[in-house]
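Here is a short briefing on a predicted model. Keep the sequence and the 3D view open while reading.

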Amino acid sequence: MENQLDYGSAARRFASQYPLLSSLMTQISFWIIANAVLGLIIHLYVRSLVAIYPLIGEQRLGPVLIIAMTLGALYGTTLGLIDHYIGKFSFQNRSIGQIILVKTVLSITTLTALLWLILDKLHDVLSARLSLPAALPGNDEFWHYVLVMLVVYYLFMTLIINLAIQVNKKFGPGILLPLLWGKYRNPAEQERVFLFMDLKSSTSMAETCGHLKYSAFIRDSFYDINQVIPRYNAEVYQYVGDEIVMSWTITEGLRKLACVHFFFACEKQFEDKAQYYLQNYGRVPQFKAGLHMGTVVAVEIGDIKRDIAYHGDTLNTAARLQSLCNDYDRRLLTSEYLLRCIEAQDSFIIERLGMIQLKGKAAPTGVVSLELIRKP
């Protein structure tokens, strides 16, 4: 179990720090495997022909795999670049349908160019490497069927690979393989940090500006929060209305106080884009937050719609701390328990509010307010 947790954290950290390289490696890995399978199929098919038509000549598997894997690396690199840059620069302003259409057109164009290069320009090289007789590759009808076969195979594999990539994006980096291993099928305990962030004055804003504009405000707010996530290796656990729930493993959350600095980095993001929000909505997003860590149970739930859920008192405590912010006019409240686990506290103003009876809890909880010390 620890190895799976370490893999997930490492995968998220790598994807956050090197998004382009992560996109390239994902596409290249999938397409090298897909093309290696295709090369093996071609090899076995030609071997079956050799058994009937000995004049075709013996075929070696090595050159077939080299050509197939080279094509996979080239195709994967191109698709990785397309996926990264289109997603980075166009996602916010384009519909998902438009993005899929653009990616599909670019993918088909790339595939056509590569197949034309291999089947036309590298015709003689392929014939020699694959040990085919001169008469066979010179048959235009033969190469026509080969081209159709490759296009059908690539279109099918594109659907499979894109499905795998979308599943990976839904659950986040480092989750797909543990899911395949069955890590979440049975409830298992984990130690995690949770940050509940709720938009302040959301009800009054919805009544003032209307639901459509209010929804656009939430969309933009969450988009800006997502821009901060990679720097702090955070995970989005849930979006619930105007609330977003972030999560970390204990190691990642306490590393350089990422779970605390993340909240104030989001505030800085909103400050930097204050002019945009004021022009479009007349206000800048402000969030209140509750932070806590402890033991939770992780399990895969649902059948028609599956998801990974965390259960336990840790989430309830973090949620209660967030709801307590209004009563004490504070932006970020955390538990005394989490504060004791923080090594460096010089960058924060710490105010202990005492032992408070949180709703739904039998025993009082030590509550602490944290504020970032602004450097002049």
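The axes of helix H9 (residues 211-228) and helix H12 (residues 274-281) come within 11 Å and cross at roughly 170 degrees. H9 is therefore roughly antiparallel to H12 (the term applies to angles over 145 degrees). Axes are lines fitted to C-alpha atoms over the stretch in contact, with angles from 0 to 180 degrees between N-to-C directions. Helices are DSSP runs of H or I with at least four residues, and strands are E runs with at least two, numbered from the N terminus.

**Basis**
- In this predicted model, local features need pLDDT of at least 70, side-chain atom pairs count only at pLDDT 80 or more, and totals for chains, interfaces and linings use all residues.
- Residues are numbered from 1 along each chain as its sequence is written, and side-chain values use heavy atoms, without hydrogens and water.

**H9 and H12**
- Lys-213, Phe-217 and Asp-224 are among the H9 residues that meet H12 (contact means heavy atoms within 4.5 Å).
- On the H12 side are Tyr-276, Tyr-277, Asn-280 and Tyr-281.

**Strand E3**
- All 7 of the 7 residues of E3 (residues 243-249) are buried, so the strand is largely enclosed by the rest of the structure (buried means under 20% relative accessible area, with a 1.4 Å probe and protein chains only).
- E1 (residues 188-199) runs antiparallel to E3, joined by 7 bridges (pairing takes at least two DSSP bridges).
- E2 (residues 235-240) also pairs with E3 in the antiparallel sense, over 5 bridges.
- Ser-247 is the bridge partner of Phe-194 and of Glu-235.

**Thr-314**
- Thr-314 lies in helix H13 (residues 313-328) and is buried at 5% relative accessible area.
- Its contacts beyond four places in sequence include Phe-194 and His-292.

Key. Angles under 35 degrees count as roughly parallel, over 145 as roughly antiparallel, 65 to 115 as roughly perpendicular and the rest as oblique. Buried means under 20% relative accessible area, exposed over 50%, partly exposed in between (1.4 Å probe, protein chains only).
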